Each structure stands twice: as structure tokens, then as C-alpha cells.
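I opened my notebook to go through this structure bit by bit. Here is what I looked up, in the order I got to it.

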Amino acid sequence: MKTEDLILALSADTLPQKSVAQQLARAMPVATLISIAAFLVFWGPRPDIWDALGSAAVLKTLLPLGFVVMAAALALALTHPGARQDIRAAALGLFAILVIGAFATALLNAGFAGLIAALSTPSLLTCLISIPVLALPVLVAVFWALSSGAALRPRLTGAVAGSIAGGLAASVYSIYCDKDMILFVVPAYCAAIASVAVIGALLGPRLLRW
């Protein structure tokens, strides 16, 4: 095709393109419903769910949702060349510092013996498997949405996509999980979310290359 023909073809393509945010808004609800449906079929809520939601344990459901919102904001910036990413990355960094601070405080109080006791439960393996499984529909949806953008750093963007999926899955899984101790929730949930982020980082260069 000659250059003039290409210019004419591009100028003729006047159909409005949906933004990455619009694609994300379309895909995320569907993927979340699939994840929730799988959760209800194979896991289900803990027996004392209403008591848990009325206590501090609700934080392990709400905080991952806050993390998802911040990660999604960063992902949108990463798919728009020129968009500012520093404030969004700083918000995620501050979130991580607060979580690590809460974990360090609990560790100082209970010691390593308390940490080992908290993690010495079959629930750890259940958590490490369940969250990545529940994250899969969301991960597919997020990649589909982000692929319509222009990610200049596809590996990082893929990792953030995995973090979004992992965080949302962690929030869903928390409704099943009856382990509420910080010494369990922080390392187990963060490890599970990180595993999905690693998957996203591996897939990013293949699926988000611009």
C-alpha cells in the first residue's frame, strides 16, 4: 500500500474507538460475576459471615478492593503514553507501606513463633490456590481491556493487571476464609496476589505489546 493510500484509509476510519477505561468498565463486571459464581459453587461464604462483616475482619475484604481501585488507576495511566503515573504509583506505595507496617506491628507482638503458628494451617494452601483460580476470569478481562491501549511497558502493565485480578479475587475469597489474623492474612493474601501479578508480568510482553 502506498503512503497516500494509507493516509486516506486512516482518515476514512472515523468510527469512535472505546477508551481503555470504557473497555475495562465493560469487561470487569462480567468477569467479576463469573468469579463470584464460581466462588458460590465451589467455596461459599463462611458460616459466621455476618458476624465477620460486622467486625475488623471486614478489612480483609475492603482493603483488597481499595488496592484494586488504585492498581486500576495505574493500569489506565500505563496504557496512555504521556499520562502521569507518579501519583498513582505513590498511592500504591503508600498502601503497601501501611500494610507492611500493620504486619510488622503484629509480628513484633507475636514474634516469629506466632507467625509460624498462624501460617501452620491447611488454610494457607487453600488460600494460595483459591485466589489465583478466582482471579483467572478477571485477569482475562483486564488483559482484554488493556490490550486496546498503548502500553509502552507491557511487562509492568501486565504485572499491574495481575495485581488487579489478584486483589479482586482476594476480596471475594475473604468471604470464605475464616482466618482473620494479620499474621495470616497479610503474607498469605499478598503471596497469592503476587503470584497472579507474576503471571501477568509474564503474559504482558506477549499480549500487551504495542
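**Entry 1: helices α4 and α7**

I began with who meets whom: Lys60, Thr61, Pro64, Leu65, Phe67, Val68, Ala71, Ala72, Leu74, Ala75 and Leu78 in α4 meet Leu156, Thr157, Val160, Ser163, Ile164, Gly167, Leu168, Ala170 and Ser171 in α7. Contact here means heavy atoms within 4.5 Å. I sorted the residues of this contact by class and got 14 nonpolar, 5 polar and 1 charged. For that, Ala, Val, Leu, Ile, Met, Phe, Trp, Tyr, Cys and Pro count as nonpolar, Asp, Glu, Lys and Arg as charged, and the others, Gly among them, as polar.

A note to myself on the source: this is a predicted model, where local features need pLDDT of at least 70 and side-chain atom pairs count only at pLDDT 80 or more, while totals for chains, interfaces and linings use all residues. Residues are numbered from 1 along each chain as its sequence is written, and side-chain values use heavy atoms, with hydrogens and water left out.

Next I checked the geometry. The axes of α4 (residues 59–78) and α7 (residues 154–173) come within 8 Å and cross at roughly 160°. That makes α4 roughly antiparallel to α7. The cut-offs are under 35 degrees for roughly parallel, over 145 for roughly antiparallel, 65 to 115 for roughly perpendicular, and oblique for the rest. Axes are lines fitted to C-alpha atoms, for helices over the stretch in contact, with angles from 0 to 180 degrees between N-to-C directions. Helices are DSSP runs (H or I, at least four residues), numbered from the N terminus.

**Entry 2: Ser163**

I zoomed in on Ser163, which sits in helix α7. Is Ser163 buried or exposed? Ser163 is buried, with a relative accessible area of 14%. Buried means under 20% relative accessible area, exposed over 50%, and partly exposed in between (1.4 Å probe, protein chains only). Skipping neighbours within four places in sequence, I found Ser163 in contact with Phe67, Ile193 and Ala197.

**Entry 3: helices α5 and α8**

I looked up a second pair. The axes of α5 (residues 86–119) and α8 (residues 182–207) come within 8 Å and cross at roughly 105°. That makes α5 roughly perpendicular to α8. On the α5 side I listed Val99, Ala102, Phe103, Ala106, Leu107, Ala110, Gly114, Leu115, Ala118 and Leu119, which meet Ile182, Leu183, Phe184, Val186 and Pro187 in α8. By class, this contact has 14 nonpolar, 1 polar and no charged residues.

**Entry 4: cysteines**

How many disulfides does the structure hold? I got 0, with a disulfide being a pair of cysteine sulfur atoms within 2.5 Å. The sulfur of Cys177 is too far for a bond, because the closest cysteine sulfur, in Cys127, is 6.2 Å away. Cys190 is in no disulfide either, and the nearest cysteine sulfur, that of Cys127, is 9.7 Å away. Cys177 is buried at 2% relative accessible area, whereas Cys190 is partly exposed at 39%.

I found Lys18 in the loop between α1 (3–12) and α2 (20–42). Lys18 is partly exposed, at 46% relative accessibility. Not counting residues up to four places away in sequence, Lys18 touches Gln23 and Arg26. Lys18 and Gly149 are 131 residues apart in sequence and 9.8 Å apart in space, C-alpha to C-alpha.

Last, I checked Ile34, which is in helix α2 and is partly exposed at 47% relative accessible area. Ile34 and Leu207 are 173 residues apart in sequence and 22 Å apart in space, C-alpha to C-alpha.

Methods
Helices (H or I, at least four residues) and strands (E, at least two) are DSSP runs, numbered from the N terminus.
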